[in-house]
Amino acid sequence: MDILHCDLDAFYASVEQRDNPDLRGKPVIIGALPGSRGVVATCSYEARKYGVHSAMPVSTAFKLCPEGIFIKPNIPKYIAVSEKVFSILEEYTPLIEKISVDEAFLNVEGCHTLFGSSLEIALEIKKRVKEEIGLTISIGIADNKFLAKLASSLSKPDGLLMFTPDMVQKLLPTLPVQKIWGIGPNTVKSLNNIGIYTIEDLLKTEKNILNRILGSNTDFILQLAEGKDTRPVEPYQGAKSVSQEITLPIDINNMEEINKILLRLSIKVGERLRGEKLQAKTITLKLRFSDFTTLNRSQTLDEPVDKNLVIFEIAHSLLKKINIKGKKIRLIGIKTSNLVGNIAEQPNLFDFKADNLDQTVDELKARFPSAKIMPASLLKYDNIK
Ligand SMILES: [Mg+2]
């Protein structure tokens with residue numbers, strides 16, 4: 001039993017309740033504000049009693065819980081709190097797989113001599129997160145990731161549960177199919193339609209019938225249904241920077257052309273950041289002149305960004321501070337670094353028009369890879385790779 005799944009309870013709402021005693025014991029709903037088209041990011045357990053849950057349209061949440069206290073997320077604050085929690089987790093093992101800002105798997109296999117049994121490690125983490133950060137964290141302990149995550153979800157809030165082999169035999173088959181990680185609401189509906197409600201129902205169904213609903217995931221889901229999961233805890237080895245640069249076909253010094261290329265680079269960098277669910281705190285503009293001298297100018301921001309136009313505006317403001325009179329440019333690049341995971345994963349969370357525009361364009365490009373979707377002014381540069 002060496003795999004721990006650690007998951008902070010109602011993270012954003014708990015941070016707000018921690019910092020403002022007036023909010024404690026009340027239905028706190030973090031996300032978009034009523035009257036907008038956004039969604040709930042998370043809500044306190046008091047709000048969950050009204051049926052409010054994350055990813056629900058905020059208009060529905062308001063109908064269910066009009067007395068709820070609706071608050072916009074304070075992303076920089078949550079990132080700072082998250083970093084503190086992760087620095088506690090990192091004291092116990094380097095084998096940490098970060099799932100999101102408030103959730104991680106730990107493999108504590110090699111840590112028992114130093115820190116005791118898995119149960120002792122879990123108890124100590126819970127105690128320290130409570131005392132040092134002021135939040136509750138639920139922890140599931142099991143032989144694999146699936147069962148550890150299941151254990152933490154069953155024990156919430158402020159839970160601790162060890163999923164024993166005995167529970168794999170007796171408890172697991174009785175649970176509803178939606179408890180299997182990866183089975184989404186639509187699949188649940190399809191399974192329910194043919195009379196499959198519990199994990200036991202699923203295991204008793206013929207594979208060719210399941211195939212029609214689960215497709216290529218059938219074998220994997222059947223393994224999970226038996227409590228088996230061979231996926232290792234994989235520490236994140238992600239990119240340290242995301243950048244894009246162009247060596248121009250001819251050296252240029254026309255500001256308008258340079259700006260158009262900058263915009264194009266910003267769009268590419270923005271797409272890659274969003275595609276990897278990353279945001280950058282530092283934007284660097286790179287220019288190489290016809291005499292091969294190279295110049296880098298950076299700006300570091302208080303809040304991480306991933307929007308095309310924000311990246312462009314910063315790169316453009318860096319460009320304006322460089323005197324390029326009499327010089328010709330042969331290479332232009334934009335690098336984004338100081339990367340953090342994008343914790344606002346709900347696309348409509350902030351209900352900004354620009355957010356939705358970038359996301360819509362990303363989706364269109366994914367569906368129609370050969371289509372040319374970009375600001376019209378860029379089309380003539382489309383041969384630049
Ligand atoms: Mg959580």
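Which residue in strand 12 is the bridge partner of phenylalanine 289?

The bridge partner is isoleucine 329. Strands here are DSSP runs (E, at least two residues), and helices are runs of H or I of at least four residues, numbered from the N terminus. Two strands pair if DSSP finds at least two bridges between them. Strand 10 (residues 278–289) and strand 12 (residues 329–341) pair in the antiparallel sense, over eleven bridges.

Strand 10 also runs antiparallel to strand 11 (residues 294–305), joined by eight bridges. Leucine 287 has leucine 295 as its bridge partner in strand 11. Four residues lie between the strands of this hairpin, where phenylalanine 292 takes a positive phi near 70°. Nine of the twelve residues of strand 10 are buried.

## Model basis and confidence

This is a predicted model: local features need pLDDT of at least 70, side-chain atom pairs count only at pLDDT 80 or more, and totals for chains, interfaces and linings use all residues. Residues are numbered from 1 along each chain as its sequence is written, and side-chain values use heavy atoms, with hydrogens and water left out.

The pLDDT is the predictor's confidence in each residue, from 0 to 100. Its mean over the chain is 89, and 88% of residues reach 70 or more. Over residues 345–354 the pLDDT is below 50; this stretch has 23 contacts in the model beyond near neighbours in sequence. A contact means heavy atoms within 4.5 Å.

## Serine 14

Serine 14 lies in helix 1 (residues 11–19). Its relative accessible area is 17%. Serine 14 therefore counts as buried (buried is under 20%, exposed over 50%, partly exposed in between; 1.4 Å probe, protein chains only). Not counting residues up to four places away in sequence, serine 14 touches Asp9 and Leu135.
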